[in-house]
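Hi,

Here is the structure I promised to send over.

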Amino acid sequence: MTKLVGAIDQGTTSSRFIIFDDQGRVVASSQAEHRQLFPRPGWVEHDPIEVVEKTKSVIADVFEKTGLTASDLAAVGITNQRETTVVWDRRSGQPLHNAIVWQDTRTADLCARLAAEEGIDRFRAQTGLPLATYFSGPKLQWLLENVSEVAEAAEDNRLCFGTIDSWILYNFTDGGHFTDVTNASRTMLLNLATGEWSEELCDEFGVPRHALPEIVASSGRVASGIGLLAGVPISGVLGDQQAALFGQTCFEPGMAKNTYGTGCFMLLNTGMKAVPSTHGLLTTVAYRIGDEPLVYALEGSIAVTGSLVQWLRDNLGLIESSAEVEDLAKSVEDNGDVYFVPAFSGLFAPHWRADARGAIVGLTGFATRAHLARAALESTAFQTREVLDAMRADSGVDLSELRVDGGMVENELLMQFQADILEVPVVRPVVAETTALGAAYSAGLAEGVWGSLDELRANWAEDARFLPALDAERRRLLLRKWSAAVERTLGWV
């Protein structure tokens, strides 16, 4: 009898619920967008109540479309936008502030203050992370310092803090306060070596320990669901990029994947060794299966990739739908010497420059909207090349291929240009929903739907392979001009 596993995929722009069968194939799915709130320049928020309601709506929609119920599912896994910070009242269960999204830059001054004497690597030895607006710890400190309701709840032992996985778990279980080790590793409050909260780091950020969730494994039963998911074991939790690594079955050290979503995130499995980065990458937890040792990864995080296409659509009106960008970019032979560096919230890996802002350079009277569209797509490939170069330098690993997933991988112009710029084959799997699939795999593995990692590997299948075909001299010229464009974005703020 076929077994079914559900996955909640709560992302930056939308919530999805997908049911997979035991072959890793999609049975049914539903998706609903939520609002992006911009109260000030550089600030990005979500309404936590809206996020939960949208999540409930997509679960209900899948059940209605299929006739299935919670009792038909062997397990449910959760994957989520990481670093986005939620605070709520332990007694009432109500949020104390809008969620502060990972892209938000309001903590720039706070991070500069913390880095003043020892630099942005002040906590890197313990956390694997540089001091940056990206991470949850500084966001929580900002809330404690600037929102009286949060400070009062902390004093009264009523404060609950979590990333989005914690908030979803709280609302879909009987008030359970949990997070998994991958999400915990993005807070700057986790000791990377032990996989436990660090009292020293909590003190540095002024965070009360009672506000923190219990840390659980990425694959292992957390709790039973309530409401729409009544009685279903919730047995897998992974941050979205680690979930994609899991869904791509990159279980061996040296295997890597790149996810093209709102941002772009490349992870390289480094096994049970936490490899320190000296080239602007993050050392992070990849996953933990039950009581087994932690598995680590090197990560290169890029803030703006798919969201740049949305920006062309919504802010400039260059296209009416995101799907149009490929045909528009294909209508010209090259970028017309135009380069687009989308440093809307600073530059993430490998630069970590909060003072950078976006720039379009190389404009002449020859440039058209098609050249802008092509430059926007190419910016994703150029930023990925910067991350891959840093990954090679840190790990000493030369990739034989790069597995890719996410919404942008259907754009074959981008995938071919990515292979050309990386000088590495780019491989797209049959199941593109690898983030949700990773959450399903982690939950199903814990509940015996799959008996081993080998069974998961057997489900993976290649859909398309893009081979490098660009002239070496042309590649060098493009990369040199990209670097020159990046230099022009620095020091703006």
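Trp 352 sits in the loop that runs between strands S19 and S20. Before going further, please keep in mind that this is a predicted model. Trp 352 is not a glycine, yet its phi is positive, at about 55°. With a relative accessible area of 12%, Trp 352 falls under the 20% limit and so is buried.

For background, most peptide bonds are trans, and most residues other than glycine have a negative phi.

Thr 249 is another non-glycine residue with a positive phi, in this case near 55°. You will find Thr 249 in the loop between helix H9 (240-247) and strand S15. Its relative accessibility is 4%, so Thr 249 counts as buried.

Now for the sheet. Seven strands make up an open sheet with mixed pairing, in the order S17-S18-S16-S15-S21-S22-S23. At its edges are S17 (282-287) and S23 (462-466), each of which pairs on one side only. From one strand to the next, the twist averages 30°.

Inside that sheet, S16 (residues 264-271) and S18 (residues 295-302) run antiparallel to each other, paired over 7 bridges. If you want a spot to look at, Leu 267 has Glu 299 in S18 as its bridge partner.

Two helices belong in this part of the picture. H13 packs on the sheet, where it touches S15, S21 (402-405), S22 (426-429) and S23, and its direction makes about 145° with that of S22. H12 lies across S15 (256-260), S16 and S18, and it runs at about 145° to S18.

Both of these helices also meet H16. How do H12 and H16 cross? The axes of H12 (residues 369-395) and H16 come within 11 Å, with a crossing angle of roughly 90°, so the two helices are roughly perpendicular to each other. On the H12 side the contact is made by Ser 379, Phe 382, Gln 383, Arg 385 and Glu 386, and on the H16 side by Arg 475, Leu 478, Leu 479, Trp 482 and Val 486. Sorted by class, the contact of H12 with H16 has 5 nonpolar, 2 polar and 3 charged residues.

As for H13 (residues 412-422) and H16 (residues 472-487), their axes come within 9 Å and cross at roughly 95°. H13 and H16 are therefore roughly perpendicular to each other. Here Phe 417, Asp 420 and Ile 421 of H13 meet Arg 475, Leu 478 and Leu 479 of H16. The residues of the contact of H13 with H16 divide into 4 nonpolar, no polar and 2 charged.

Elsewhere in the chain, S14 (residues 233-239) is mostly covered, with 7 of its 7 residues buried. S14 pairs with S5 (residues 75-80) in the parallel sense, over 5 bridges, and Thr 79 stands opposite Leu 238 of S14. S14 also pairs with S13 (residues 219-224), here in the antiparallel sense and over 3 bridges. Ser 224 has Pro 233 in S14 as its bridge partner.

Next, H2. Which residues of H2 (residues 108-115) are buried? They are Leu 110, Cys 111, Leu 114 and Ala 115. Looking down the axis of H2, these buried residues fall within an arc of 130°, so they line one face of the helix. In general, an α-helix has 3.6 residues a turn, so residues three or four places apart point the same way. The cover over the buried residues of H2 includes H4 (136-146) and H8 (199-205).

Ser 136 lies in H4, and at 0% relative accessibility Ser 136 counts as buried. Leaving aside residues up to four places away in sequence, Ser 136 touches Glu 83, Thr 85, Phe 161, Thr 163, Arg 186 and Thr 187.

Happy to go through any of this with you.

Cheers

How values were computed
Residues are numbered from 1 along each chain as its sequence is written. This is a predicted model: local features need pLDDT of at least 70, side-chain atom pairs count only at pLDDT 80 or more; totals for chains, interfaces and linings use all residues. Side-chain values use heavy atoms; hydrogens and water are left out. Buried means under 20% relative accessible area, exposed over 50%, partly exposed in between (1.4 Å probe, protein chains only). Helices (H or I, at least four residues) and strands (E, at least two) are DSSP runs, numbered from the N terminus. The arc is that of the directions from the helix axis to the C-beta atoms. Contact means heavy atoms within 4.5 Å. Two strands pair if DSSP finds at least two bridges between them. Axes are lines fitted to C-alpha atoms, for helices over the stretch in contact, and angles run from 0 to 180 degrees between N-to-C directions. Angles under 35 degrees count as roughly parallel, over 145 as roughly antiparallel, 65 to 115 as roughly perpendicular and the rest as oblique. Ala, Val, Leu, Ile, Met, Phe, Trp, Tyr, Cys and Pro count as nonpolar, Asp, Glu, Lys and Arg as charged, and the others, Gly among them, as polar.
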